[in-house]
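Visitor: Please take one residue of this model and look at it closely, then place it in its surroundings. I would like the cut-offs stated as you go.

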Amino acid sequence: RYLWTIGIPETGNLDMTEGLPLLRHDLETGETVVRDFGDHRVPGEFVFVPRSPDAPEGDGWVMGYVIDPARDETTLEICDALTLDTVAAVHIPQRIPPGFHGNWLPA
């Protein structure tokens with residue numbers, strides 16, 4: 001039912017110098033939630049983590065890296081999967097390159 005993806009700037013410029021939004025699409029209702037991380041901050045691929053093994057679809061978190069090229073830093077953002085509000089953020093004082101992928105493995 002839900003799809004999380006990165007938006008494309010209105011200019012179409014994909015050189016990672018403009019801020020990009022994180023989007024959550026509800027494929028049943030057509031609703032889209034937009035999360036902007038700020039000017040020039042670029043999110044990477046976010047991964048969905050369910051709240052529990054029997055949680056309803058979309059109940060959990062999405063997590064991923066957000067790069068700030070101007071500061072050459074990265075933040076690991078953990079967001080509520082439905083609202084895209086930040087639940088936690090971990091500052092990383094260096095840039096983690098785009099395309100660095102991670103996966104969630106249960107304990």
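Guide: Threonine 32 touches Leu23, Arg24 and His25, leaving aside residues up to four places away in sequence; contact here means heavy atoms within 4.5 Å. With histidine 25 there is a side-chain to side-chain polar contact of 2.9 Å. A polar contact is a pair of N or O atoms within 3.5 Å, where, within protein, one must be able to donate a hydrogen and the other to accept it, and residues adjacent in sequence count only if both atoms are side-chain atoms.

The model is predicted: local features need pLDDT of at least 70 and side-chain atom pairs count only at pLDDT 80 or more, while totals for chains, interfaces and linings use all residues. Residues are numbered from 1 along each chain as its sequence is written, and side-chain values use heavy atoms, with hydrogens and water left out.

Threonine 32 counts as partly exposed because its relative accessibility is 38%; buried means under 20% relative accessible area, exposed over 50%, and partly exposed in between (1.4 Å probe, protein chains only). Its C-alpha atom is separated by 9.6 Å from that of tryptophan 4, 28 residues apart along the chain.

Threonine 32 lies in strand S3, residues 32–36. Strands are DSSP runs of E with at least two residues, helices are runs of H or I with at least four, and both are numbered from the N terminus. S3 belongs to an open sheet of three strands in the order S1-S2-S3, paired antiparallel; two strands pair if DSSP finds at least two bridges between them. S1 (2–6) and S3 are at the edges with a single partner strand each, so one side of each has no neighbour in the sheet. On average, neighbouring strands of this sheet are turned by 15° against each other, direction ignored, with axes as lines fitted to C-alpha atoms. S1 pairs with S2 (residues 21–26) in the antiparallel sense over five bridges, and tyrosine 2 stands opposite aspartate 26 in S2.

Elsewhere in the chain, S6 (residues 60–68) pairs antiparallel with S4 (residues 42–43) over two bridges and with S5 (residues 47–50) over four bridges. Eight bridges join S6 to S7 (residues 73–80), again antiparallel. In the hairpin of S6 and S7, with four residues between the strands, aspartate 72 takes a positive phi near 60°.

The protein chain has zero helices and eight strands. Buried residues make up 32% of its 107 residues.

Notes: Axes fitted to C-alpha atoms, helices over the stretch in contact; angles between N-to-C directions.
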